[in-house]
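Welcome! Here are a few exercises to work through with the sequence and the 3D view side by side. Try each task before reading its solution.

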Amino acid sequence: MSNPQQLRYSKEHEWLSATEDGVATVGITEHAANALGDIVFVQLPEVGDTATAGETCGELESTKSVSDLYSPVTGEVTEINQDVVDDPALVNSAPFEGGWLFKVRLSEEPADLLTADEYTEFSGS
């Protein structure tokens with residue numbers, strides 16, 4: 001399992017892309033997707049909602065459990081991935097590509113996110 005070097009990671013197992021015009025993409029890591037098992041339902045924040053770093057903003061339901069989705073950053077949700085809502089298995093099959101969850105316009109720069117190497121050490125993956 002390889003965590004892309006260009007992303008940043010939270011200790012709640014979310015990843016964050018570099019910002020493009022102040023907007024970053026959020027998803028969950030392959031480690032989290034594997035731990036959850038087959039994801040069958042995704043509840044995401046709505047466009048226009050404010051996501052707050054470290055707070056829940058949705059949930060992921062798998063065949064094993066229901067898990068909260070935490071926002072790694074604070075900002076306004078600008079887009080959700082409707083493909084994941086329609087086909088939650090994308091989170092398992094492509095967590096770093098087509099399985100992204102939402103985009104957020106940052107209101108502040110994230111301070112406590114991990115590099116890929118730090119996350120790999122933290123998660124043991």
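**Exercise 1.** How many bridges join β3 to β9, and do the two strands run parallel or antiparallel?

*Solution.* Keep in mind that this model is predicted. Start with the link itself: β3 and β9 are joined by 4 bridges and run antiparallel. Next, find a facing pair, such as Thr-25, which stands opposite Lys-103 in β9. Then turn to β2 (residues 14-16), which is joined to β3 by 3 bridges, again antiparallel. Here Leu-16 has Val-26 of β3 as its bridge partner. Finally, look at the turn: β2 and β3 make a hairpin with 6 residues between them, and Asp-21 in that turn has a positive phi of about 55 degrees.

**Exercise 2.** What is the strand order of the open sheet of 6 strands?

*Solution.* The order reads β1-β2-β3-β9-β8-β5, with antiparallel pairing. At the edges sit β1 (8-9) and β5 (50-51), each pairing on one side only. Between β8 (residues 75-80) and β9 (residues 102-106) there are 5 bridges, and Ile-80 is the bridge partner of Phe-102 in β9.

**Exercise 3.** Which residues touch the most other members of the largest nonpolar core?

*Solution.* Among its 23 residues, they are Ile-28, Val-42, Leu-69, Val-91, Leu-101 and Phe-102. Elements giving two or more residues to this core include β3 and β9. Apart from it lies another core of 8 residues, including Phe-96 and Trp-100.

Methods:
Residues are numbered from 1 along each chain as its sequence is written. This is a predicted model: local features need pLDDT of at least 70, side-chain atom pairs count only at pLDDT 80 or more; totals for chains, interfaces and linings use all residues. Side-chain values use heavy atoms; hydrogens and water are left out. Two strands pair if DSSP finds at least two bridges between them. A nonpolar core is a set of buried Ala, Val, Leu, Ile, Met, Phe, Trp, Tyr and Cys residues joined through side-chain atoms within 4.5 Å. Buried means under 20% relative accessible area, exposed over 50%, partly exposed in between (1.4 Å probe, protein chains only).
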